[in-house]
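Please keep the sequence and the model at hand while reading.

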Amino acid sequence: MGDIMNDFNELILTNNSLALKEILNFNSITIKKNLSLTTKDALQLIQTKNKTLKDLGRIEVGSGTINKLIYEFYDSSYIMDDYVNNLDTLITIFYQYQNEFSNNLTDEQIIKYLRDNYDNYCAGSLELLENDAFENLRQIINNGDYYE
């Protein structure tokens, strides 16, 4: 059993190292909006992802979701006010949505929904995105409608 746990922990460390490099590579894109992440910032985002997944009883390998969120949101005028903390909260919100709606929507559809609502209905309010927009999507899906 110890070997399995050691292998698992090694996999997590390797995954986090790879994720860190991938996230920091996005600075070459986000710098266009005068946004960048430090190593400490990127590690915070990875830690938030790992904690949220653990709290939800889920596992995910890679940093693909964090990268997709960075790419989708970096040019929003609302995210610039507090880039790192906004990304941090968006990661948690994304996984809450994914946990609830993954049977109905792809990750890309969830991210698109988050961005559309963040910029429009929520006007940059992460609280509205986490609560009201979440309930709106639940209604859409419960009514048999489809979000694209």
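## Surroundings of Ser36

Leaving aside neighbours within four places in sequence, Ser36 is in contact with Asn27, Thr30, Ile31, Asp41 and Tyr83. The model in which these contacts are found is a predicted one. Ser36 itself belongs to the loop that runs between helix H2 (27–30) and helix H3.

Ser36 has a relative accessibility of 40% and therefore counts as partly exposed, since that class lies between the limits of 20% and 50%. Although Ser36 and Tyr74 are 38 residues apart along the chain, their C-alpha atoms are separated by 9.5 Å.

## Polar contacts of Glu60

Another loop, the one between helix H3 (39–56) and helix H4 (64–73), holds Glu60. The side chain of Glu60 makes polar contacts with two side chains: that of Thr65, at 3.1 Å, and that of Tyr95, at 2.5 Å.

## Packing of H4 and H6

Two packed helices are described by the angle between their axes and the distance between the axes. For H4 and H6, the angle is about 35° and the axes are 10 Å apart. The crossing of H4 past H6 is right-handed.

On the H4 side, the residues that meet H6 are Thr65, Lys68, Leu69, Glu72 and Phe73. Their counterparts in H6 are Asp107, Glu108, Ile111, Leu114, Arg115 and Tyr118. Sorted by class, this contact has five nonpolar, one polar and five charged residues.

## Arg115 within H6

Arg115 is a residue of helix H6. Its relative accessible area is 13%, so Arg115 is buried, the limit for that class being under 20%.

Not counting residues up to four places away in sequence, Arg115 touches Glu72, Phe73, Asp75 and Ser76. With one of these, Asp75, the side chain of Arg115 forms a polar contact of 2.7 Å.

## The buried side of H8

Which residues of helix H8 are buried? In this helix, which spans residues 132–142, they are Ala133, Phe134, Leu137 and Ile141. These residues lie on the same side of H8 because they cover an arc of only 105° around the axis. An α-helix has 3.6 residues a turn, so residues three or four places apart point the same way.

Just after H8, Gly144 adopts a positive phi of about 80°.

Note on methods:
Residues are numbered from 1 along each chain as its sequence is written. This is a predicted model: local features need pLDDT of at least 70, side-chain atom pairs count only at pLDDT 80 or more; totals for chains, interfaces and linings use all residues. Side-chain values use heavy atoms; hydrogens and water are left out. Buried means under 20% relative accessible area, exposed over 50%, partly exposed in between (1.4 Å probe, protein chains only). Helices (H or I, at least four residues) and strands (E, at least two) are DSSP runs, numbered from the N terminus. The arc is that of the directions from the helix axis to the C-beta atoms. A polar contact is a pair of N or O atoms within 3.5 Å; within protein, one must be able to donate a hydrogen and the other to accept it, and residues adjacent in sequence count only if both atoms are side-chain atoms. Contact means heavy atoms within 4.5 Å. Axes are lines fitted to C-alpha atoms, for helices over the stretch in contact, and angles run from 0 to 180 degrees between N-to-C directions. A crossing is left-handed if the near helix is turned anticlockwise from the far one by less than a right angle, and right-handed if clockwise. Ala, Val, Leu, Ile, Met, Phe, Trp, Tyr, Cys and Pro count as nonpolar, Asp, Glu, Lys and Arg as charged, and the others, Gly among them, as polar.
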